Amino acid sequence: MRIGIFLIAAQFPGQDAGQALAQAVEWIEAAEEAGFDDVWIAEHHFMSYGVCPSATTLAALALGRTRRIGVGTAVSVLSAWHPVALAEQAAMLHHLSGGRFTLGVGRGGPWLELEVLGTGVERYERGFTESLDLLCAAMSGERVAADGEFFRFREVEMVPAARMRPVVACTSRATVALAAERGLPMLLGMHVGDEEKADLLREYAGLSGGVVPDGDGGHVAAAVGFVGDSTERAVRELKEAMPRWLEPGLAGYVPVDGRARPPRDIPKYVDFLSRAHPVGDADLCVERIRRTAEVTGLRHLILMVEGGGPDRTLDNIRRLGREVLPRARRPTPPGPAPPASSPPAPASG
């Protein structure tokens, strides 16, 4: 069982963006010391929910500050970047780190970066498949050319070249199908519980003929991870701290074209996170991590550790490493075999 951390670089009230980024680097170093397998870095633009607009840039610093731990992006927003430029960055980080870097990409949303960075809402709505295929071609270690709707250029040699493949954030049947058809690992979000994750994995298995990328470790899932002296106290701390960041942070999701922004009941969402994920005393955290592995078959989990606020996160990382990781990593039985037919995965996202 691989267990990592997931950093959003959240800006809590009373902080500036520079403080949030400096703390994220400190937490990455602490995660390596605590024994985590990897750290995954989120990317957001023009919002306090997460103040890292270039996950690959922060990943480069993280790789330079560490020696063992893997580093990934969760995710680089493919709709906002040129796929070949992103592939070049991934190849550099792969070579400079001795293979410790993983590029995770996602479709993103119809947000302001599409206007500001000039990619346009059409790239988000129609261009994700073309962007993903071009990214995969550029990460194949070979020459690459394009003659599509959104990208057209002569054949060039990738320098530096690296044979890599991205992990793809999947929250809909359409994106699951894209990943499965290309044999790409999925990254599943923390906004769904074990049963929904299992549905998406069954959907993938049905479309890919049962092929699982890289054996047990191919797919990755995110969850909140927060350990306390008691479950009651951990839940209370999370419910008190997390909305103070989420409420103003999620307000930063501004649609580029005036469409309505999906509403979210923040207290209800935090209540779901505290019930569905490893939030509680050490025994409960271990139990929920092992349950996720048993229900879904997943063998790679990344824990969002910032939910208790900046003053609590460093202690949370250290306690998770000391009290939870050794027991949670003990071998678990293989997950359930995918059925012949799969229930539909969620249609949004």
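Author: Start with two helices. The axes of helix 9 (residues 231-250) and helix 10 (residues 266-276) come within 9 Å and cross at roughly 135°. This is a predicted model, where local features need pLDDT of at least 70, side-chain atom pairs count only at pLDDT 80 or more, and totals for chains, interfaces and linings use all residues. Residues are numbered from 1 along each chain as its sequence is written, and side-chain values use heavy atoms, with hydrogens and water left out.

Reader: What makes helix 9 and helix 10 oblique to each other?

Author: The cut-offs decide. Angles under 35 degrees count as roughly parallel, over 145 as roughly antiparallel, 65 to 115 as roughly perpendicular and the rest as oblique. The crossing is at roughly 135°, so helix 9 and helix 10 are oblique. Helix 9 passes helix 10 in a right-handed crossing.

Reader: Why is Ser-274 called buried?

Author: Buried means under 20% relative accessible area, exposed over 50%, partly exposed in between (1.4 Å probe, protein chains only). Ser-274 has 4% relative accessibility, so the label is buried. Ser-274 lies in helix 10. Leaving aside neighbours within four places in sequence, Ser-274 is in contact with Val-235, Leu-238, Lys-239, Val-279 and Arg-288.

Reader: Why is the pair of Tyr-49 and Trp-245 called stacked?

Author: Rings of Phe, Tyr and Trp (its six-membered ring) pair if their centres lie within 6.5 Å; planes under 30 degrees apart count as stacked, over 60 as edge-to-face and the rest as tilted. The count comes to 4 aromatic pairs. Phe-12 and Trp-245 are 5.5 Å centre to centre with 35° between the planes, and that pair is tilted. Trp-245 is buried at 0%. The centres of Tyr-49 and Trp-245 are 5.3 Å apart and the planes are at 15°, so this pair is stacked. Tyr-49 lies in the loop between strand 2 (38-41) and helix 2 (55-65) and Trp-245 in helix 9, so the pair ties together parts 196 residues apart in sequence.

Reader: Which residues form the aromatic cluster?

Author: Phe-12, Tyr-49, Trp-111, Trp-245 and Tyr-253 form one cluster.

Definitions and conventions: Axes fitted to C-alpha atoms, helices over the stretch in contact; angles between N-to-C directions. Helix = DSSP H or I, 4+ residues; strand = E, 2+ residues; numbered from the N terminus. Left-handed = near helix turned anticlockwise from the far one by under 90°. Contact = heavy atoms within 4.5 Å.
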